[in-house]
Amino acid sequence: MNQIANEWQDYEVIDTGNREKLERWNHVILRRPDPVAVWPIEDEKKWNRADAVYHRSNKGGGSWEYKKPLKEYWTIQYKDLYFRISPTGFKHTGLFPEQASNWDFMMNAIRRAKQNGKENIRILNLFAYTGGATMACARAGAEEVVHVDASKGINEWAKENMRLNHLEDHTIRFIVDDVMKFIQREIRRGRKYDGIVMDPPSYGRGPKNEVWKLENNLYELVFEAQKLLSDDPLFLIVNCYTTGFSLCTLDEVMKRAIKKEGSVEVGENLLPVTAGSSVLPCGIFGRWTPEK
């Protein structure tokens, strides 16, 4: 089951090709690398519209070439959600627009549950980055969202998104920690969550230099995290951007690791591309729900 994030107004993939993508972020046009876009560019002229171009370095990383002065940051809107956008030294902008499909799913699940009388909905966002899912769940009415990321700077960015969305009066707990250590502590505390969403990296290090590799650690991560699901849970969602990590592998991991009754769906996250009415693959997702 693939899902396409096709309800954006402030964001657009204009064109793709030559391992790059041309995007509109509100009023700003960026040209960034994308290893999935292995096909050739058909019309180079439209790519000259870019306000900034990210160039990779042979030594790793890269840098932005600005064709005109840009603000340090600007905002982008998705439905009733707002986010801060800022080009970073690692080519990212602070948001993954393809995740809008997951935001919609989580918001709808929370709102339905509340309409059916469910109270005190608690959501856990692991590897939470700048908090797209955090803001979506809080906006939908979750009574508490726990946002966990190992980067203090990224958590500060997420707090700015909270303020942009005027969610200061909602219970959002921002925690800087190694995800696995946090999960283990929550298990010992006996805390439970009605929904869990995670976006584990391919490779990373925790605040105390803990090494993370997706292929080595994903099963344990899902197995331990599912212990935190409540007796009346809504969902557990895993996003994966690791090249070569297949849908079948993710499907098997989730079916074997999650011990509660329910079903697993997997698919690709996609973004529509204006040129040629095509799509751009943007990683994969797995979604467990209690429905059979």
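Asp 51 is buried, with a relative accessible area of 10%; here buried means under 20% relative accessible area, exposed over 50%, and partly exposed in between, using a 1.4 Å probe and protein chains only. This is a predicted model, in which local features need pLDDT of at least 70 and side-chain atom pairs count only at pLDDT 80 or more, while totals for chains, interfaces and linings use all residues. Residues are numbered from 1 along each chain as its sequence is written, and side-chain values use heavy atoms, with hydrogens and water left out.

The side chain of Asp 51 meets that of Lys 68 in a salt bridge, at 3.6 Å from N to O. The term stands for a side-chain nitrogen of Lys or Arg within 4 Å of a carboxyl oxygen of Asp or Glu. Asp 51 lies in the loop between S4 and S5, and Lys 68 in the loop between strand S6 (62-66) and strand S7 (74-78), so the pair ties together parts that are 17 residues apart in sequence. Helices (H or I, at least four residues) and strands (E, at least two) are DSSP runs, numbered from the N terminus.

## Other salt bridges

How many salt bridges are there by this rule? The count comes to 27. One of them joins Glu 23 to Arg 32, with the closest N and O atoms 2.7 Å apart, and both of these residues are buried.

Asp 194 forms another with Lys 118, where the closest N and O atoms are 3.1 Å apart. Asp 194 sits in the loop between helix H4 (179-189) and strand S12 (195-198), and Lys 118 in the loop between H1 and strand S9 (122-126), so this pair ties together parts that are 76 residues apart in sequence. Both Asp 194 and Lys 118 are buried. There is also a network: salt bridges that share partners join Arg 122, Glu 144, Arg 173, Glu 186, Arg 189 and Arg 191.

## Helix H4 and its ends

Val 179, Met 180, Phe 182, Ile 183 and Glu 186 are the buried residues of H4. They cover an arc of only 160° around the axis, which puts them on the same side of H4; the arc is that of the directions from the helix axis to the C-beta atoms. Their packing partners are S9, strand S10 (144-149), strand S11 (171-176) and H5, where contact means heavy atoms within 4.5 Å.

At the N-terminal end, Asp 178 caps H4, with a side-chain oxygen 3.4 Å from the backbone nitrogen of Met 180. After H4 comes Gly 190, which has a positive phi, near 75°.

## Helices H5 and H6

In H5 (residues 214-225), the buried residues include Leu 214, Leu 218, Leu 221 and Val 222. Seen down the axis, the buried residues of H5 fall within an arc of 160°, so they line one face of the helix. They pack against S9, H4, S12, strand S14 (211-213), strand S15 (235-240) and helix H6 (247-257).

In H6, the buried residues are Leu 250, Asp 251, Val 253, Met 254 and Ala 257. These cover an arc of only 165° around the axis, which puts them on the same side of H6, while Cys 248 and Arg 256 are exposed on the other side. The cover over the buried residues of H6 includes H5, S15, strand S16 (263-273) and strand S17 (278-289).

Ser 230 is found in the loop between H5 and S15 and is buried, with a relative accessible area of 10%. Not counting residues up to four places away in sequence, Ser 230 touches Lys 192, Tyr 193, Asp 194 and Lys 260.

Asp 104 belongs to helix H1 (residues 100-115) and is buried too, with a relative accessible area of 16%. Leaving aside neighbours within four places in sequence, Asp 104 is in contact with Glu 7, Tyr 78 and Lys 79.

Conventions. A polar contact is a pair of N or O atoms within 3.5 Å; within protein, one must be able to donate a hydrogen and the other to accept it, and residues adjacent in sequence count only if both atoms are side-chain atoms.
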